[in-house]
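Let us walk through this structure step by step. Keep the sequence and the 3D view open side by side.

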Amino acid sequence: AHLDRIGEVDGAVHAFLHVDTEGALAAAKRVDDDIAAGKPVGPLAGVPLALKDVFTTEGVPTTCGSAMLATWKPPYDATVTRRLKEAGIVILGKTNMDEFAMGSSTENSAFGPTRNPWDLDRIPGGSGGGSSASLAAFEAPLAIGTDTGGSIRQPGSVTGTVGVKPTYGGVSRYGLVAFSSSLDQGGPCARTVLDAALLHEVIAGYDPMDSTSIDAPVPPVVAAAREGANGDLSGVTVGVVTQFSGEGYQAGVLRSFEAAVAQLKQLGAEVVEISCPSFDYALPAYYLIAPSEASSNLARFDAMRYGARHGDDDTRSAEEVMAITRDQCFGAEVKRRIMIGTYALSSGYYDAYYGSAQKVRTLITRDFQQAFEKVDVLVSPTTPTTAFKIGERADDPIAMYKADLCTIPANLAGTPAMSVPSGLSDEDGLPVGLQIMAPALQDHRMYRVAAAYE
Ligand code: GLN
């Protein structure tokens with residue numbers, strides 16, 4: 001049924017870069033056979049899923065939205081991919097994304113934009129716009145994204161779906177093509193909080209193949225989502241981050257947020273205001289740290305080891321072939337990041353830029369620590385505006401970057417955060433998201449609050 005639905009609507013939405021019909025039907029049949037043979041299967045066995053095209057899939061194209069990897073078929077599965085398969089989840093295909101996960105609109109894909117199912121003239125968020133759009137268009141009930149600065153939560157917010165960035169190190173990065181290694185985190189996308197929790201427990205957990213993987217029990221997010229569903233938040237203290245309002249925020253988004261806070265109070269939560277002054281510097285710090293790590297990570301695309309090779313006519317040196325290939329295959333935003341990152345890391349500028357950004361990162365972590373001494377979770381709008389029009393911010397990188405104003409602090413601190421649908425804006429009738437943030441390894445706290453609010 002989901003493959004049929006993809007056939008009907010994906011021409012217009014373009015959530016998928018690759019639909020693996022054969023692989024999906026074979027995976028579904030394996031689950032049927034297991035059930036027929038009386039073998040035990042997991043709670044999500046047979047449930048279809050859309051996988052962001054940044055996770056490697058053995059023998060199935062993995063492009064990262066880039067011309068650089070247009071024809072690459074990885075020889076191995078990412079740990080996330082492997083765990084999905086082991087759980088009997090049916091991978092329908094790979095979803096569209098901003099090139100190498102750099103963007104907030106999915107317009108930076110080399111293969112054309114994804115459209116928001118709520119309004120096809122608008123963006124579905126980014127970088128994981130394909131994953132969230134596939135949920136909103138009912139092409140898949142579950143999806144996987146990655147969140148380096150908001151790429152799960154912001155698409156979730158603007159498509160009216162749930163998106164979770166787990167604690168950094170909670171989900172293995174093995175086989176997740178690196179953008180900014182100290183920030184990248186895979187996570188679940190779904191239409192309900194409980195669905196996201198069930199998927200979270202499938203993909204999370206220690207992995208010796210990822211040196212930053214946390215060797216600790218997976219937070220009990222399914223139990224928390226079930227507990228929250230009783231709608232009782234008495235005993236929970238919620239902090240409203242005062243920095244996330246004012247200029248740049250749509251009035252409709254702020255009114256939706258106020259209504260959400262009122263509802264949390266009604267459910268029994270105690271609500272207090274919390275100031276996190278260093279959050280004002282999160283965006284500039286992120287746009288030094290993420291491009292710095294990207295400039296290093298993307299050096300591997302050298303026209304030799306994988307993917308595309310252009311200009312190799314037996315007269316040119318390896319360096320010339322590399323330069324021609326990178327010039328032709330990287331898009332404008334990826335080139336911008338490589339240049340910013342290389343500059344920020346260069347000797348003489350390192351202390352002024354990268355070093356300062358790392359200090360800001362520490363201050364942001366401290367703001368979180370101090371806040372969580374007073375409150376159980378923090379809340380804010382997920383993103384300052386509803387889905388904007390395709391093309392509206394395409395020539396204005398700074399306007400594009402501002403979509404991640406509220407989401408970036410949690411990436412810099414490594415703490416978990418999620419977006420849960422918060423109704424439609426009374427300004428334009430488009431979906432708004434409520435962001436809930438929790439301390440490291442306390443992912444279950446935000447699931448409880450989200451399930452109660454949902
Ligand atoms: N939009 C942000 C960026 O362009 C975040 C991307 C992400 O989380 N992958 O870097």
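Where does Phe100 lie? Phe100 sits in the loop between S3 and H4. The model is a predicted one. Most residues other than glycine have a negative phi, and most peptide bonds are trans. Phe100 has a positive phi, near 50°, and is not a glycine. Further along, the peptide bond between Gly126 and Ser127 is cis, with omega at about 10°. Ser127 also belongs to the loop between S3 and helix H4, which spans 129-136.

Ser127 leads on to an annotation. In an unreviewed entry, UniProt places the feature "active site" at Lys52, Ser127 and Ser151. These positions are spread over 100 residues of sequence, yet they cluster in space. Their largest C-alpha distance is 10.8 Å.

Next comes the ligand. There are 14 residues around it, and Ala101, Ser104, Thr148, Gly149 and Ser151 come nearest.

S1 runs antiparallel to strand S3 (residues 90-95), and three bridges join them. Here His18 stands opposite Lys94 in S3.

Two helix pairs remain. Two packed helices are described by the angle between their axes and the distance between the axes.

Take helix H9 (residues 282-297) and helix H11 (residues 332-345). Their axes come within 7 Å and cross at roughly 100°. H9 is therefore roughly perpendicular to H11. On the H9 side, the contact is made by Leu288, Pro291, Ser292, Ala294 and Ser295. They meet Arg337, Ile338, Ile340, Gly341, Thr342, Ala344 and Leu345 in H11. By class, this contact has seven nonpolar, four polar and one charged residues.

The other pair is helix H6 (residues 193-203) with helix H15 (residues 443-453). Their axes are 9 Å apart, and the packing angle is about 155°. How is H6 oriented against H15, roughly parallel or roughly antiparallel? That angle makes H6 roughly antiparallel to H15, because angles over 145 degrees count as such. Val193, Leu194 and Ala197 in H6 meet Tyr447, Ala450 and Ala451 in H15. The contact of H6 with H15 has six nonpolar residues, no polar and no charged ones.

Note on methods:
Residues numbered from 1 in each chain as written. Predicted model: local features only at pLDDT ≥ 70, side-chain atom pairs only at ≥ 80, totals over all residues. Near = placed C-beta within 6 Å. Pairing = 2+ DSSP bridges. Helix = DSSP H or I, 4+ residues; strand = E, 2+ residues; numbered from the N terminus. Axes fitted to C-alpha atoms, helices over the stretch in contact; angles between N-to-C directions. Parallel < 35°, antiparallel > 145°, perpendicular 65-115°, else oblique. Contact = placed C-beta atoms within 7 Å. Nonpolar A, V, L, I, M, F, W, Y, C, P; charged D, E, K, R; others polar. UniProt positions renumbered as here; feature names shortened; annotations may be inferred.
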